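Here are my notes on the model, point by point. Please keep the coordinates open while reading.

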Amino acid sequence: MELDREISGYIKAHRQQALELLTTLAAIPAPSNQEEKRAEFCRRWLLEQGAQEVLVDEALNVICPVGNWREGPLEIFMAHTDVVFPDTDPLPVSRDGNILRAPGIGDDTANLTALLMAARFVLERKLTPREGGVLFVANAGEEGLGNLKGSRQLMADYGGRTRQVVSFDGCTGEIVDRAVGSRRYRVEIRTEGGHSYGDFGNRNAIAALASLIDALYAVKVPQGGRTTFNVGVIKGGTSVNTIAQQAEMLYEFRSDCREDLELMERHFQALIAAWQTKGITVEARLVGERPTMGPVDPAAQKALVEQVSAATCRWSGQQPRTTSGSTDCNIPLSMGIPSVCTGCYIGGGAHTREEWLEVDSLEPGLHLAFGLVLSAF
């Protein structure tokens, strides 16, 4: 109870600083694979809060270690720095009463702020983990073609000693405890093309791509789990009076069932092979892959979910629901490491430029993050 009162007092005393940290972070551009500016800000900020050591690895993860992290077992708390937006100039941030708006303000900047504030509390009080070490990580590459590069690097470096992972991502009230795997392909088609009048009858790469997309959308998804697919980007051609020589798309399929994911892979490769027999050039290149669940101990995973659920109920008043998803936890879950993903704010419009959150939800979100982090101390 004494610690609870201390945490509550700390959060109330620092809520304005937390809001300022959030708005500062939200303005810093951080497209996937270009997170250098946010990474450097987080590194400097953590050192200013008293961190003895802050590491930045080759994947641009910012790692603040506490306790016996070099040898002992580890718990990892993480939130990603990247956003889906390609901006390299400062992102626009605005407030209208209780609503704060910015591209990426919730996903994942609010959660990153909660993680950093919890780390600050630990650093200021020089707390020591009950056992082994804790890594606070502002990780890179969660979104899109970031392809979970930050989580992959963390698990490559520390996975053998990691007991569990908590990723702060998404809104309060949802716990992602099952991994949705995915495959992402860039498909390019090339034909002879030509002038729209003089060479009429030559094959058009856009038409060939359109027919392939139509065939992909005719595939019936398997029923073993939840499986989806999507064509998210298409481009090609030169002008309105040119028969397109080149067209391409980005295509993905997802499933929370490993067998269904493999079945979708076989369907996709069969269609690519069929289009390659049409006398046109068809190339499919894998540009992203996320694994599904591995052999996670059910009892350990259940205990972690129950811990997060209890903390969510206590600090937000919500009864959270568990669901499957594609998050940074995919990598540790695929390795059998108990992991969950949960959020520390209420808002909406994720992955749109109109994304928003409720300012009043930030304080309960900080309590949730502090509660989960301090369970390791």
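1. Helix α2 (residues 36–48) packs against helix α3 (residues 105–124) at an angle of about 20°, with axes 11 Å apart. Axes here are lines fitted to C-alpha atoms, for helices over the stretch in contact, and angles run from 0 to 180 degrees between N-to-C directions. Helices are DSSP runs (H or I, at least four residues), strands likewise (E, at least two), numbered from the N terminus. This is a predicted model: local features need pLDDT of at least 70, side-chain atom pairs count only at pLDDT 80 or more, and totals for chains, interfaces and linings use all residues. Residues are numbered from 1 along each chain as its sequence is written, and side-chain values use heavy atoms, with hydrogens and water left out.

2. α2 and α3 are therefore roughly parallel to each other (angles under 35 degrees count as roughly parallel, over 145 as roughly antiparallel, 65 to 115 as roughly perpendicular and the rest as oblique). The crossing of α2 past α3 is right-handed, that is, the near helix is turned clockwise from the far one by less than a right angle.

3. Which residues make the contact? From α2 come Arg38, Cys42, Trp45 and Leu46; from α3 come Thr109, Leu112, Leu116, Met117, Ala119, Arg120 and Leu123. Contact means heavy atoms within 4.5 Å. The residues of this contact divide into 8 nonpolar, 1 polar and 2 charged. Ala, Val, Leu, Ile, Met, Phe, Trp, Tyr, Cys and Pro count as nonpolar, Asp, Glu, Lys and Arg as charged, and the others, Gly among them, as polar.

4. How many disulfides does a search of the whole structure find? The result is 0, with a disulfide taken as a pair of cysteine sulfur atoms within 2.5 Å. For Cys64, the closest cysteine sulfur is in Cys42, 11 Å away and too far for a bond. Cys313 is in no disulfide either; its nearest cysteine sulfur, in Cys344, is 14 Å away.

5. Cys64 counts as buried, at 1% relative accessibility. Cys313 is partly exposed, at 28%. Buried means under 20% relative accessible area, exposed over 50%, partly exposed in between (1.4 Å probe, protein chains only).

6. Check the backbone too. Most residues other than glycine have a negative phi, and most peptide bonds are trans. The Asp107 to Asp108 peptide bond is cis, with omega near 15°. Asp108 lies in helix α3.

7. Asn147 has a positive phi, near 60°, in the loop between β6 (133–139) and α4 (149–158). His351 also has a positive phi, near 70°. His351 sits in the loop between β17 (347–348) and β18 (356–358) and is partly exposed, at 43%.
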